[in-house]
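Try each task before reading its solution.

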Amino acid sequence: KAQAESLRKTRQETPAKVVREVGEYTLNEVQVISSAQLKKGDVFICEPGDIIPSDGEIIEGLATIDESAITGESAPVIREAG
């Protein structure tokens, strides 16, 4: 129970760098919000060293991700778009 509570607390406190559209133009703005405020369809940016704020799909790029807190996998795994 303590581990589950710890994971819930981390989810609420993890910052997410959300990409927001600005007006009708293709300009985008990055806004830092709490992962608890993320909703379906949001696009967020993860950079090296970041904690991934939510489950999702990689839409661009390639990364080695530590999923041990969720899956119990002992080594980081490679994930990429597609």
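## Exercises on a predicted model

**Exercise 1. Decide whether Asp50 is buried, partly exposed or exposed, then find its salt-bridge partner.**

Step 1. Asp50 has a relative accessibility of 32%, so it counts as partly exposed; the class runs between the cut-offs of 20% and 50%.

Step 2. In this predicted model, Asp50 forms a salt bridge with Lys17, and their closest N and O atoms are 3.0 Å apart.

Step 3. Asp50 sits in the loop between S3 and S4 and Lys17 in strand S1, so the pair ties together parts that are 33 residues apart in sequence.

**Exercise 2. Work out which residues join Lys17 in a salt-bridge network.**

Step 1. Lys17 also forms a salt bridge with Glu47, with 2.7 Å between the closest N and O atoms. This pair, too, links distant parts of the chain: Glu47 belongs to the loop between S3 and S4, Lys17 to strand S1, and 30 residues separate them.

Step 2. Check the accessibility of each: Glu47 is partly exposed at 44%, and Lys17 is partly exposed at 21%.

Step 3. For comparison, take another salt bridge, the one between Asp42 and Lys39, at 3.9 Å from N to O. Through shared partners, salt bridges join Lys17, Glu47 and Asp50 into one network. The whole structure has four salt bridges.

**Exercise 3. Give the order of the strands in the open sheet and say which strands stand at its edges.**

Step 1. The sheet has three strands in the order S2-S1-S3, with antiparallel pairing.

Step 2. S2 (28-34) and S3 each have a single partner strand, so they stand at the edges, and one side of each lacks a neighbour in the sheet.

Step 3. Look at the pairing of S1 (residues 15-21) with S2: seven bridges join them.

**Exercise 4. Describe the lining of the largest pocket by class, and name the elements that supply at least two residues each.**

Step 1. The volume of the largest pocket is about 1,600 Å³. Its lining has 40 residues, and the closest to the centre are Phe44, Cys46, Ile52, Pro53 and Ser54.

Step 2. Sorted by class, the lining has 17 nonpolar, 11 polar and 12 charged residues.

Step 3. H1, S3, strand S4 (62-65) and helix H2 (68-71) each contribute at least two lining residues.

Definitions and conventions
Residues are numbered from 1 along each chain as its sequence is written. This is a predicted model: local features need pLDDT of at least 70, side-chain atom pairs count only at pLDDT 80 or more; totals for chains, interfaces and linings use all residues. Side-chain values use heavy atoms; hydrogens and water are left out. Two strands pair if DSSP finds at least two bridges between them. Helices (H or I, at least four residues) and strands (E, at least two) are DSSP runs, numbered from the N terminus. On a 1 Å grid over the protein atoms alone, a cavity is a set of points where a 1.4 Å probe fits but cannot get out, and a pocket is an open set with protein on both sides within 12 Å along at least five of seven lines; lining residues have an atom within 4 Å of a point. Grid points are joined across faces, edges and corners, and a volume is the space filled by probe spheres set on the points. Ala, Val, Leu, Ile, Met, Phe, Trp, Tyr, Cys and Pro count as nonpolar, Asp, Glu, Lys and Arg as charged, and the others, Gly among them, as polar. A salt bridge is a side-chain nitrogen of Lys or Arg within 4 Å of a carboxyl oxygen of Asp or Glu. Buried means under 20% relative accessible area, exposed over 50%, partly exposed in between (1.4 Å probe, protein chains only).
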